[in-house]
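Here is a short briefing to keep beside the structure as you look around.

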Amino acid sequence: MKRFSVRLILGLTLLVLVTASALFAPWIAPYSPIQTTTSVLAVPSAEHILGTDQLGRDVFSRIIWGTRVSLQVGVAAAVVAVLLGAPIGLAAGFFRGRIDFFLVQVIDIFIALPALVLALIITAMLGPSVTNLSVTLGVVTAPTVARLIRGQVFVVRETLYVEAARATGASSSWIIRKHIMPNTMRVVWAQFAINVSLAIFTSASLSFLGLGVPPPAPDWGGMVRDGSMFLPIRPAISLAPGVAVALTVLTFYLIGSSMNEDD
Amino acid sequence: MIALIASRIAIMIPNVIILTFLLFAATTSFLGTPAAIMLGEDASPESIAELNAKLGFDEPLLMRYWAWVTDALSGDFGRSYSTQQPVAEMIANALPLTMELALWAILFAFFGAALINSATFLKGFVDRVVAAVSVVGITVPNFFLGLLLIYLFSVQLRLLPTTGWSPWENGAGKHLLHMILPVVTLTTFYFSSFSLVYKAEYKSVENNLFIRAARAKGLSESRISYRHILPNSVLPLVTYAGLSLGQLVGGAVVTETVFSMPGMGRLLVNAISARDFPVMLAVGMVIIVGVMLLNLLADITYSLINPLVRTAG
């Protein structure tokens with residue numbers, strides 16, 4: 001990256017904010033995120049800047065604490081997706097032929113399937129928890145990673161330096177480790193960031209549908225769902241956590257897309 | 001051409017069988033036997049075993065799968081555990097709504113992306129608007145966008161109905177009025193991703209010699225955009241539309257829930273929270289098989305309008 005694009009700067013700034021909110025939640029949040037009180041559905045005021053929810057919990061504090069859950073699921077799911085998808089993509093791209101044909105068939109089926117519906121059914125069966133959500137989302141998004149890396153490997157393996165390495169008698173595993181992998185790393189990192197944003201997006205949708213991290217843990221999708229009942233009278237309860245989801249998704253999307261952008 | 005379609009179908013059949021079997025095996029083995037769910041925690045093991053035998057759950061998995069498939073093919077998806085209604089009936093009631101929602105969204109996204117992004121003669125303006133909409137579409141989750149639209153247009157401006165749905169029989173106008181916000185919610189995401197795909201292709205087609213020739217002939221920019229570049233850049237969108245059908249269904253599930261519309265999404269979500277196994281299984285199967293069939297359709301459409309694939313097929 002020769003220069004820093006506006007997207008990247010904006011993305012990194014947001015990343016600092018989001019990470020700080022997750023790391024320093026106990027110090028930033030003025031109240032406990034799970035302690036219920038009697039001041040139910042309070043209007044936003046100096047005391048509760050976003051008001052309180054139907055159980056009297058401070059909405060702002062819940063949003064700050066919710067960053068942890070969201071980041072945990074997002075990052076863990078992206079790690080699973082890359083660890084699972086990258087080797088498949090590498091193998092398909094490098095060996096081509098029958099292995100590639102078979103792997104592409106499998107990848108294409110899974111890409112075409114509704115990831116959200118699959119995740120919905122799988123989490124319904126396994127039961128919602130941070131671990132289950134991360135693994136499920138990682139598995140359903142892995143095919144996209146595999147496909148992308150396969151494409152990148154196709155490009156790299158045709159380059160002159162790979163041909164030169166082959167001509168000097170380098171083994172396949174040497175070429176993969178020393179030439180193909182380093183040259184696909186940037187695409188992998190970019191896709192990693194995109195996958196974090198995708199996983200946060202999807203896990204928030206799942207919790208909105210009632211299959212997120214179980215209560216009383218502060219979970220943005222669940223907060224939007226519970227708060228939507230009070231939308232006409234207390235819009236902040238459901239809209240504020242929605243903004244939190246959108247900003248976090250935007251953070252990782254900006255970083256990922258700016259890494260893909262400049263050559 | 002026929003050979004191509006035949007080979008596509010030949011690849012699809014084993015895929016459908018494997019996937020539906022996996023779904024069947026997963027749902028049945030993870031949820032435990034339905035008798036245990038139906039009779040509750042206090043039931044004696046004997047009564048559970050008895051009901052299992054009655055429902056055919058003591059047979060091996062492969063046999064049960066086969067029985068389920070043959071029943072399903074003749075239109076019998078069993079009965080819901082919670083409402084005792086035939087599942088096929090529930091699906092028949094819910095499916096048209098979801099399909100309509102998805103159809104509107106894909107039509108608007110497809111034609112919107114192609115027509116709006118071709119308006120390059122308006123220079124930077126369109127680009128900037130599309131870029132702004134795209135960031136919203138890709139980063140704002142459906143459920144939040146839907147809620148935001150409800151808050152703006154229904155709660156604050158009181159222009160549109162908040163949630164719910166009105167069937168066609170109660171008047172087309174009322175029906176469409178209820179459809180506006182859900183369709184906008186669902187379309188935004190697809191418009192964004194379709195725009196990215198279309199713009200990339202548009203730019204590469206623009207570099208062709210025949211475009212330069214058209215320009216040299218003195219054709220107007222709008223004519224070049226719509227008559228020369230558009231028809232040559234629309235093909236990847238067909239493929240992409242086919243590939244994103246799965247996502248579209250996922251988006252529809254969420255959108256239906258936000259707007260409390262009685263479609264497949266709500267059926268699935270309710271079935272999951274009630275652990276209503278036959279409904280869950282049937283909805284999952286219909287969605288998966290439906291998406292695969294529509295994908296096949298997109299593939300065939302693609303090869304019909306693209307002669308290059310036909311000969312290479």
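In this predicted model, helix 5 of chain A is followed by A:G127, a residue whose phi is positive, near 90°.

**Helix 5 of chain A**

- How much of helix 5 of chain A is buried? The count is 9 of its 12 residues, so the helix is largely enclosed by the rest of the structure.
- The buried positions of helix 5 of chain A are A:A115, A:L116, A:V117, A:L118, A:A119, A:L120, A:I121, A:T123 and A:A124.
- Within chain A, these buried residues pack against helix 6 (130–157) and helix 8 (172–208).
- From chain B, helix 12 (245–258), helix 13 (264–273) and helix 14 (277–305) also pack against the buried residues of helix 5 of chain A.

**Annotated segments of chain A**

- An unreviewed UniProt entry annotates residues 75–95, 102–124, 130–149, 187–213 and 233–255 of chain A as "transmembrane region".
- In the model, residues 102–124 of chain A are 91% helix and 0% strand, with end C-alpha atoms 30 Å apart.
- For residues 187–213 of chain A, the figures are 81% helix and 0% strand, and the end C-alpha atoms lie 31 Å apart.

**Where the chains meet**

- The contact between the chains involves 37 residues of chain B and 32 residues of chain A.
- On the chain B side, at least two residues each come from helix 1, helix 6 (124–139), helix 7 (142–156), helix 12, helix 13 and helix 14.
- Helix 7 of chain B supplies the largest share of that side, 8 residues.
- By class, the side of chain B that touches chain A has 26 nonpolar residues, 11 polar and no charged.

**The largest nonpolar core**

- The largest nonpolar core holds 136 residues.
- Which residues have the most contacts inside this core? They are A:L120, B:F144, B:V249, B:L268, B:M280, B:V283 and B:V291.
- Helix 3 (residues 59–95) of chain A gives the core its largest share, 16 residues.
- Both domain 1 and domain 2 of chain B contribute at least three residues to this core.
- Leaving aside residues up to four places away in sequence, B:V249 touches A:P114 and A:V117 in chain A, along with B:A102, B:I287 and B:V291 in chain B.

**Chain B and its domains**

- Chain B contains 15 helices and 0 strands.
- Of the 313 residues in chain B, 33% are buried.
- Taking contacts in chain B between residues at least 6 apart in sequence, 71% join residues at least 24 apart.
- Chain B is divided into domain 1 (1–74) and domain 2 (95–309).
- Between these domains, 16 residues of domain 1 are in contact with 13 residues of domain 2.
- Helix 1 (2–31) and helix 2 (34–39) of chain B are the elements giving two or more residues to the domain 1 side of this contact.
- Helix 1 of chain B gives the most to that side, with 13 residues.
- The domain 1 side is made up of 12 nonpolar, 3 polar and 1 charged residues.

How values were computed
Residues are numbered from 1 along each chain as its sequence is written. Chains are lettered from A and ligands numbered from 1 in the order in which they are written. This is a predicted model: local features need pLDDT of at least 70, side-chain atom pairs count only at pLDDT 80 or more; totals for chains, interfaces and linings use all residues. Domain bounds come from an automatic or database domain assignment. Two residues are in contact if their C-beta atoms, placed from the backbone, lie within 7 Å. Helices (H or I, at least four residues) and strands (E, at least two) are DSSP runs, numbered from the N terminus. Ala, Val, Leu, Ile, Met, Phe, Trp, Tyr, Cys and Pro count as nonpolar, Asp, Glu, Lys and Arg as charged, and the others, Gly among them, as polar. A residue is buried if 20 or more other C-beta atoms lie within 10 Å of its own, exposed if 12 or fewer, and partly exposed in between; C-beta atoms are placed from the backbone. UniProt positions are given in the numbering used here, feature names are shortened, and annotations may be inferred rather than shown by experiment. A nonpolar core is a set of buried Ala, Val, Leu, Ile, Met, Phe, Trp, Tyr and Cys residues joined through C-beta atoms within 7 Å.
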